[in-house]
Amino acid sequence: KENTANKSSDVTLADGTNTKFPTELAVKTYVDNQVGTITTDDDISAVDFDGTNLNVTESGTTLSADLSDLEESTDITANTNAINAEVTRATNAEVANTTLITTNTANITSNDTDIANNTTAITAEVTRATAAEAANTTLITTNTANITSNDTDITALQNDKEDTANKSNDVTLADGTNTKFPTELAVKTYVDNQVGGVADGNLSSPQSTISLGGTPTNSILENVTLDVANNAINNAKLNNDAVRTENILNNTIINEDLALDAIKGGANGVIKDNSITASDLAPNSVNASEINSNAVGTSELKVDAVETENIKNANVTPIKIAPGTNNQILTTDNSGTVTWADNNTVGAETNNSITVGANGGAFYESPIKAFGKISSTGGVTRATTGVTASRISQGRYQITLPSGAVSDDNYIIQLTQPGRGGAGNDDPGISYSNQTATGFQVIIGDNDNGGSNRNKFNSEFMFTILDL
């Protein structure tokens with residue numbers, strides 16, 4: 001640009017170096033002075049300017065004035081170009097400002113919507129919290145009443161327990177008030193003393209009973225007829241094998257004569273092996289409750305003794321089936337035979353991405369760890385669980401990944417944004433920065449503005465995270 005030190009206010013335009021340039025006032029004053037020297041005369045016949053000299057013809061005489069010192073075409077051209085460039089810049093800036101105003105207007109509208117939504121959510125939360133507090137107050141009141149009731153019950157139990165002051169070790173049990181209670185030793189001593197008073201070898205019949213003194217197992221009665229009261233002889237009074245089959249008359253024992261579980265089989269039972277056959281049993285006389293667990297094995301069953309129709313629905317459970325080894329499944333082989341096989345359906349190819357899991361099943365770990373679609377305002381439109389997003393500033397967004405989603409900060413980020421159809425921000429660019437193990441930032445802007453910085457703008461975009 002022109003050095004201001006060369007600006008000249010000389011109204012005579014006397015500089016002859018072509019270095020200085022006159023001010024507008026200096027030019028005006030010089031021209032006015034030159035024109036002022038021309039006397040008004042009706043004889044002026046011609047005035048022309050050839051680019052250097054101003055020629056005035058009067059009464060046949062031509063006067064010429066050299067105006068070359070007033071040549072400013074180069075500066076005018078430069079100024080014109082500068083003005084045009086400034087008009088272009090200002091126009092572009094106005095267009096950009098119009099776009100920003102439109103975007104900001106949309107953002108303000110979005111913020112107004114968010115504020116309204118938040119106000120509704122806060123109102124709902126206040127309503128919910130108030131209801132919860134009321135419910136809690138009711139529960140606290142109920143619990144307080146229950147605690148009071150429990151305290152009353154505990155006090156009553158403490159008052160009702162037996163007083164140790166009433167414990168008695170009197171071996172004569174002489175207390176007649178029903179207040180004291182004897183110790184175990186006192187009871188044993190009292191009973192032993194009472195039983196020890198019966199003399200050996202004596203027979204007595206108080207209250208129509210006969211008591212045998214001495215050691216009962218050594219007492220012998222010979223040629224004595226006894227009338228036995230009903231239910232006076234039970235299993236405890238009989239020696240093992242005291243009553244045998246040959247001692248019982250045929251058809252003298254019926255169902256009513258047998259107590260439940262009176263007849264048992266097995267190693268310690270009273271039924272001989274193979275002594276009861278199918279013909280000895282009435283139809284449906286033996287049910288499940290009369291058979292011990294594991295009492296009937298394969299050896300006790302005839303071939304085809306148990307058919308499908310003899311088994312209740314859902315009565316054959318996995319525990320009834322002989323198991324295989326760990327991580328096996330019950331299946332059929334190529335011939336249709338039921339067999340246990342390894343629970344491994346993974347192919348053996350070396351390029352197979354599916355592996356055998358810890359429980360023997362197929363396991364596939366996808367390299368895709370997270371993906372999502374983010375709105376221009378920074379909200380999550382749709383994303384994998386745990387992903388959050390926010391808009392930091394114009395055209396700049398923060399994506400935060402859930403803990404442990406990636407192994408380190410060297411994962412792969414794939415980004416994309418909508419096409420513009422050649423309008424507005426028609427050369428959009430999208431990139432990432434500040435990548436860490438917990439997230440990264442996304443920058444969006446227009447790149448067709450030459451060597452200057454990217455023109456950032458807000459935009460919807462999508463991302464995919466890959467990790468190996």
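**Entry 1: strand β20**

I began with β20, which is mostly covered: eight of its eight residues are buried, where buried means under 20% relative accessible area with a 1.4 Å probe, counting protein chains only. Strands here are DSSP runs of E with at least two residues, and helices are runs of H or I with at least four, numbered from the N terminus. I noted that the model is predicted, that local features need pLDDT of at least 70 and side-chain atom pairs pLDDT 80 or more, and that totals for chains, interfaces and linings use all residues. Residues are numbered from 1 along each chain as its sequence is written, and side-chain values use heavy atoms, without hydrogens and water.

I then looked up the two sides of β20. Gly439, Gln441, Ile443 and Gly445 point one way, while Phe440, Val442, Ile444 and Asp446 point the other way, and all are buried. In a regular strand, side chains alternate between the two faces of the sheet.

**Entry 2: partners of β20**

I took two strands as paired if DSSP finds at least two bridges between them. β17 pairs with β20 in the antiparallel sense over five bridges, and tyrosine 397 stands opposite valine 442. Strand β19 (residues 428-436) pairs with β20 over seven bridges, also antiparallel; a hairpin of two residues joins β19 to β20. Proline 428 stands opposite aspartate 446. Strand β21 (residues 455-456) pairs with β20 over two antiparallel bridges, and there lysine 456 is the bridge partner of glycine 445.

Leaving aside neighbours within four places in sequence, phenylalanine 440 is in contact (heavy atoms within 4.5 Å) with residues including Tyr397, Ile399, Phe463 and Ile465.

**Entry 3: an open sheet**

I found an open sheet of four strands in the order β15-β14-β22-β18, with antiparallel pairing. Its edge strands, β15 (380-383) and β18 (412-416), each pair on one side only. Six bridges join β14 to β22; among them, isoleucine 374 has phenylalanine 461 as its bridge partner.

**Entry 4: the whole chain**

Finally, I recorded that the protein chain has three helices and 22 strands. Of its 468 residues, 12% count as buried.

Technical notes
Buried means under 20% relative accessible area, exposed over 50%, partly exposed in between (1.4 Å probe, protein chains only).
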